[in-house]
Amino acid sequence: MTLSKVKQDLIAEIDKRVEDHVLEPSNAELLSKLIAQADNDNEAISIAALGTTYKRTGLHFDKRLERLTHDIRYFRKNEKLSFYTDNNKPVNKLIIGDNYEALQNLLVQYTGAIDVIYIDPPYGKDSMGEFAQTNYQNAITRDNLLSMLYPRLQLAKQLLSDSGVIFCSIDDKNQAYVKCLFDEVFGERNFVANSIIINNRGGRDYGGIAVQHEYLLIYAKNIFGYELNEIEESDKKFDYQDDEGGFNLMELRNRNVKFNSQNRPNLYYPFYLNPNSVDKNGLYQIALEPSDDFCVEVRPAISQGIQTVWRWGKEEKSRENLNKVIFGKANQNGGYMIVQKYRKTTKMQRSIWDEKEFVNERGSEMVKEILGYGVFDYPKSMWLLRRAIELSSKPDSIILDFFAGSGTTGHAVLDLNRSEEKEGDLFAETNNGGNRTFILCQMNEKTETTPNGIVYDVTAKRLKRIMTGECYDGTKDFEWIKKNKPYGGNLDVYEIDRVADFEYTEGKSPFDVIDETLYGLPRFATLQEKIDWVCTHFSNARKQLD
């Protein structure tokens, strides 16, 4: 029997727990057998969850699982909400319905293909639609939050590419518990960062401590296979100028005292400086050998009683860069130091994300400019999500958000693509910007402010307005369009429908209603091909709420 990719990964994780001395081998063997014999991937995930003791992280919670029915869930296109503006641009997707079912259906086409996932799960008393009302009494307690996230993260892990990254926004009260859950699902070894996001610069002005931040958990699918991008500093200022433009200076000495003349003797050698040859930037010519002109010897300084070394070897790069990027410079002590010209205009992202555009207030303002009214109390700033995507994506990446809310992630993808529409851009061979695409999933919850549901009244409406410049009714009277050009692009909107797996009525059977073209496939040539495909991929798409 050939095991599915989900089952193989679950069993591999069980084996890893044996290696880490978390599970006894006999218990692991039984769990692996049960997972292998499970009827489908959903059942396998439930077995893995019940068999997890969380000894590795110390995390315990009362697990609430989902049981199966005879309904198959599948994508049905919503022609009314879908729209297209440019056949030369890729198609983005918005899925209406329970994100658990959406993730199951996405696995049919996108297993191992998603490069970036961002989620902002509900960790207050937000409704999760049918799932919340039935299972959680519409109040997301910590056990419920973790139980809800566990199977979804397992499916999300299958969707991530080997170089993929997942981001999760979480508040101060829940971040420790959610981090433990991420450690269990993605592995502690794949933890990248737990960044602090300054989302409220002022904080409240009453009570004990004014909370100004939340967290952004970042995990890689494979810590050895991912690579984050550096951030362009558009307002970078240089202290020095030469014929090639601006530059700054970096000391050539290695400031890490772990590297010293004892263990890195090849990096310890003298430069010789000409004290009579100084340019307009206050830099002195240097040489590797002494002479009448080059008579001042300069070696790496002693720090903490340890003889430090250079960052470059004598034969490796110094000769070819002498008096091109390496110079001498006077230091504050009346002596000299060796420096390197530094023209870099990018920087690594810091662990504290503190920019004025990242605050929640910017998210609220933007939603009001687009829709004319506010919907969520604390919508994320588009600029915050754009930074996360900028860090972790390539120009053709697929970005997924399965708690889409107002659609901020989709907006961020479109804006980042546009930012690359400039002359000389590294990725824009035809100067038409990035081609990232987004997939958003959102339950169409109905509230007093969204009588038609969040997707109809907020998510789809926002995307329609910023992409086409008008709403579905053709109106264009919103503030955002007065200051911005529509992004263009295409959007397919799917809803999740259901059909009983024992339905055989002509025209209503699973083989009739499931459309393979919505999963990236051409029409099947024969009915048998269609039957084989449905039976292979849709045995998992069933769920009933306990």
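## Helix α2

In α2, the residues tucked away as buried are Ala28, Leu31, Ser32, Ile35 and Ala36; buried here means under 20% relative accessible area, exposed means over 50%, and partly exposed is in between (1.4 Å probe, protein chains only). Looking down the axis of α2, these buried residues fall within an arc of 135 degrees, so they line one face of the helix. The arc is taken from the directions that run from the helix axis to the C-beta atoms. Over on the other side of α2, Ser26, Leu30 and Gln37 are exposed.

The expected span of a helix is 1.5 Å times one less than its number of residues.

## What you are looking at

This is a predicted model, so local features need pLDDT of at least 70 and side-chain atom pairs count only at pLDDT 80 or more, while totals for chains, interfaces and linings use all residues. Residues are numbered from 1 along each chain as its sequence is written, and side-chain values use heavy atoms, with hydrogens and water left out.

The chain has 15 helices and 22 strands. These are DSSP runs numbered from the N terminus: helices are H or I with at least four residues, strands are E with at least two. Of its 546 residues, 51% count as buried. Take the contacts in the chain with a separation of 6 or more, and 72% of them come from residues 24 or more positions apart; contact means heavy atoms within 4.5 Å.

Helix α1 (residues 5–19) has 15 residues and reaches 21 Å from its first C-alpha to its last, close to the expected 21 Å. Its buried residues are Val6, Lys7, Leu10, Ile11, Glu13, Ile14 and Arg17. They cover an arc of only 155 degrees around the axis, which puts them on the same side of α1.

Helix α9 (residues 360–371) has 12 residues and reaches 17 Å, close to the 16 Å expected. Asn360, Gly363, Ser364, Met366, Val367, Ile370 and Leu371 are buried in α9. Their arc is only 165 degrees around the axis, which puts them on the same side of α9. The cover over these buried residues includes α10 (382–392), α11 (408–419), α12 (454–468) and α13 (479–483).

## Cavities

Searching the whole structure turns up 4 cavities of 30 Å³ or more. On a 1 Å grid over the protein atoms alone, a cavity is a set of points where a 1.4 Å probe fits but cannot get out, and lining residues have an atom within 4 Å of a point. The volume is the space filled by probe spheres set on the points, with grid points joined across faces, edges and corners.

The largest cavity has a volume of about 170 Å³. Its lining has 14 residues, and Lys89, Leu414, Asn417, Gly434 and Tyr487 lie nearest its centre. α11 gives the most to this lining, with 3 residues.

Glutamine 109 sits in helix α4 (residues 99–110) and, at 29% relative accessibility, counts as partly exposed. Not counting residues up to four places away in sequence, glutamine 109 touches Lys93, Leu518, Tyr519 and Gly520.

Glutamine 304 lies in the loop between β14 (302–303) and β15 (306–307). This residue has a positive phi of about 55 degrees although it is not a glycine, and at 68% relative accessibility it counts as exposed.

Conventions. 1 Å grid on protein atoms, 1.4 Å probe; cavity = no way out; pocket = protein on both sides within 12 Å on 5 of 7 lines; lining within 4 Å.
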